[in-house]
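Student: Before any terms are used, I would like to see the model they apply to.
Tutor: Here it is.

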Amino acid sequence: MVLLVGLATAACQGSARSPSPPTAKAIRPEVLRNFTADEAALRLYHHQERIILVKDGSRSERTVHVFYVHGRAVAPEVALGGKPLGPRALANQQRAAAQRAAQLARRKPPPLGAVEFHGHSYSFKKLAEDFHYGPAKVVQWHGRTTWVYPAWPNPNVPHPTRAEQVLLASRGRVWIDARDLHLVRVQMHTFRPVKYFGGILATVHHATLDLELQRIAPGVWVPQRIAFRLQATILLFKTFDEAKVETYWGFHRAATAPNAAHVDSAGPFSRGATLQ
């Protein structure tokens with residue numbers, strides 16, 4: 001649900017020194033700039049990521065070491081089911097990572113300020129316009145002053161794609177760090193079913209998103225945890241129930257921009273690949 005992650009920037013609509021929270025509209029330009037800067041900074045780091053997926057009652061867990069080549073992720077596995085891979089499996093992952101890195105090195109970096117989902121590109125600015133925002137409340141979150149804005153869909157904005165139609169049925173809250181003016185948390189959930197072709201193609205009964213970010217350097221916020229749940233019916237009869245939790249840790253800045261030769265010889269994902 002990368003798309004829903006993008007809509008979180010919409011609450012970024014002033015100054016952190018104001019005695020009371022500004023309106024979302026007042027701070028939106030700066031927070032959008034900061035969100036884009038965080039996106040650019042993320043591409044300069046390596047990190048570990050654990051993905052736990054429960055799909056129709058079946059659970060899987062894997063840990064990957066993520067780094068970026070020309071702005072796109074390479075994510076070789078370092079553990080499955082909570083157990084580190086053996087030398088042979090790790091070597092296979094390293095070779096596959098080198099091949100992907102070589103392919104990505106020949107591609108142009110994707111643009112900043114947009115997310116891609118199901119073949120469509122969505123700008124953060126466009127996603128910001130998909131919602132209305134109410135007055136913020138001041139809360140302390142992880143020891144930092146944070147403004148929490150309620151968000152609900154803007155019915156006057158066109159939602160032509162299937163993914164955007166889910167936004168029209170979603171509402172929630174968005175946290176903005178008062179000092180840094182960065183997005184730090186998003187909670188969204190659908191409040192009514194979303195039907196495609198009258199429910200014949202599919203019906204999304206319920207979807208939730210909880211995104212948390214962490215501050216790893218002054219003015220740099222990166223993902224810490226993303227939890228997503230989707231319950232749907234496909235073609236009237238087939239049920240679909242998926243829950244995914246992604247946890248991020250171990251961020252360290254890459255010494256050099258990775259390329260195929262670097263991956264193959266140095267194995268960047270084999271260094272510091274620790275499990276939590």
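Tutor: T203 lies in strand β14 (residues 202–217), strands being DSSP runs of E with at least two residues, numbered from the N terminus. The model is predicted, so local features need pLDDT of at least 70 and side-chain atom pairs pLDDT 80 or more, while totals for chains, interfaces and linings use all residues. Residues are numbered from 1 along each chain as its sequence is written, and side-chain values use heavy atoms, without hydrogens and water.

Student: Why is T203 called buried?
Tutor: Buried means under 20% relative accessible area, exposed over 50%, and partly exposed in between, with a 1.4 Å probe and protein chains only. T203 has 6%, so T203 is buried.

Student: What is T203 in contact with, leaving aside its neighbours within four places in sequence?
Tutor: With P193, V194, K195, Q231, A232 and T233; contact means heavy atoms within 4.5 Å.

Student: Why does H142 count as exposed?
Tutor: Its relative accessibility is 60%, so H142 falls in the exposed class. H142 is in the loop between β9 (137–141) and β10 (144–153).

Student: What makes the phi of H142 worth noting?
Tutor: Most residues other than glycine have a negative phi. H142 is not a glycine, yet its phi is positive, about 55°.

Student: How do you know that D56 is partly exposed?
Tutor: The relative accessible area of D56 is 45%, and therefore D56 is classed as partly exposed. D56 sits in the loop between β1 (45–55) and β2 (58–69), and its phi, near 50°, is also positive in a residue other than glycine.

Terms used: Helix = DSSP H or I, 4+ residues; strand = E, 2+ residues; numbered from the N terminus.
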